[in-house]
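Student: Please pick one part of this model and take me through it closely. I would like to follow how it relates to its surroundings.

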Amino acid sequence: MASERCCLFLEILISIILPPLGVFLHYGCCSLEFCICLLLTILGYIPGIIYAIYVLVAVDHQPYRRSYYEPLA
């Protein structure tokens, strides 16, 4: 529980510095969220930060996880 909050805090901190990197760490490089964040960061730094923080905090990514991300045991 505490490690999840710590990871989320670090992802948000990284997203403030470089927004696509924070989204990449959370969703991967071939996700729609990453592509949108990259495009918004190219168009403007502040919209990229806002979208990255929104995606990390508000969007629940658990329903979209693929089965190979789940632990075996």
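Tutor: Happy to; let's begin with helix 4. Its 14 residues reach 20 Å from the first C-alpha to the last, close to the 20 Å expected at 1.5 Å a residue. Here the expected span is 1.5 Å times one less than the number of residues in the helix, and helices (H or I, at least four residues) and strands (E, at least two) are DSSP runs numbered from the N terminus. Please keep in mind that this is a predicted model, in which local features need pLDDT of at least 70 and side-chain atom pairs count only at pLDDT 80 or more, while totals for chains, interfaces and linings use all residues. Residues are numbered from 1 along each chain as its sequence is written, and side-chain values use heavy atoms, with hydrogens and water left out.

In helix 4, the buried residues are Gly48, Ile49, Tyr51, Ala52, Val55 and Leu56. Buried means under 20% relative accessible area, exposed means over 50%, and partly exposed is in between (1.4 Å probe, protein chains only).

Now for the wider setting. The protein chain has four helices and zero strands, in the pattern α-α-α-α along the sequence. Of its 73 residues, 29% are buried. Among the contacts with a separation of 6 or more, 44% join residues 24 or more positions apart; a contact here means heavy atoms within 4.5 Å.

Glu33, Phe34, Cys37 and Thr41 are its buried residues. They cover an arc of only 95° around the axis, which puts them on the same side of helix 3; the arc is that of the directions from the helix axis to the C-beta atoms. On the other side of helix 3, Leu32, Ile42 and Leu43 are exposed. What covers the buried residues of helix 3 includes helix 2 (19-27) and helix 4 (45-58).

Let's take those two neighbours in turn. Two packed helices are described by the angle between their axes and the distance between the axes. Axes are lines fitted to C-alpha atoms, for helices over the stretch in contact, and angles run from 0 to 180 degrees between N-to-C directions.

With helix 4, helix 3 packs at an angle of about 155°, and the axes are 7 Å apart. Helix 3 and helix 4 are therefore roughly antiparallel to each other. Angles under 35 degrees count as roughly parallel, over 145 as roughly antiparallel, 65 to 115 as roughly perpendicular and the rest as oblique. From helix 3, the residues that take part are Glu33, Ile36, Cys37, Leu40 and Thr41, and they meet Tyr45, Pro47, Gly48, Tyr51, Ala52 and Val55 of helix 4. By class, this contact has eight nonpolar, two polar and one charged residues. Ala, Val, Leu, Ile, Met, Phe, Trp, Tyr, Cys and Pro count as nonpolar, Asp, Glu, Lys and Arg as charged, and the others, Gly among them, as polar.

With helix 2, the angle is about 180° and the axes are 9 Å apart. Helix 2 and helix 3 are therefore roughly antiparallel to each other too. Helix 2 contributes Pro19, Pro20, Val23, Phe24 and Tyr27 to the contact, and helix 3 contributes Glu33, Phe34, Cys37, Leu38 and Thr41. These divide into eight nonpolar, one polar and one charged residues.

Seen from helix 2, the buried residues are Pro19, Pro20, Gly22, Val23 and Tyr27. They fall within an arc of 160° when viewed down the axis of helix 2, so they line one face of the helix. Just after helix 2, Gly28 takes a positive phi of about 100°.

Val23 counts as buried, at 0% relative accessibility. Leaving aside residues up to four places away in sequence, Val23 touches Ser15, Gly28, Glu33, Phe34, Cys37 and Ala52. The C-alpha atoms of Val23 and Cys35, 12 residues apart along the chain, are separated by 9.3 Å.

Finally, a glance at helix 1 (residues 2-17), where Glu11 is found. Glu11 counts as buried, at 12% relative accessibility. Not counting residues up to four places away in sequence, Glu11 touches Gly22, Leu25, His26 and Leu56.
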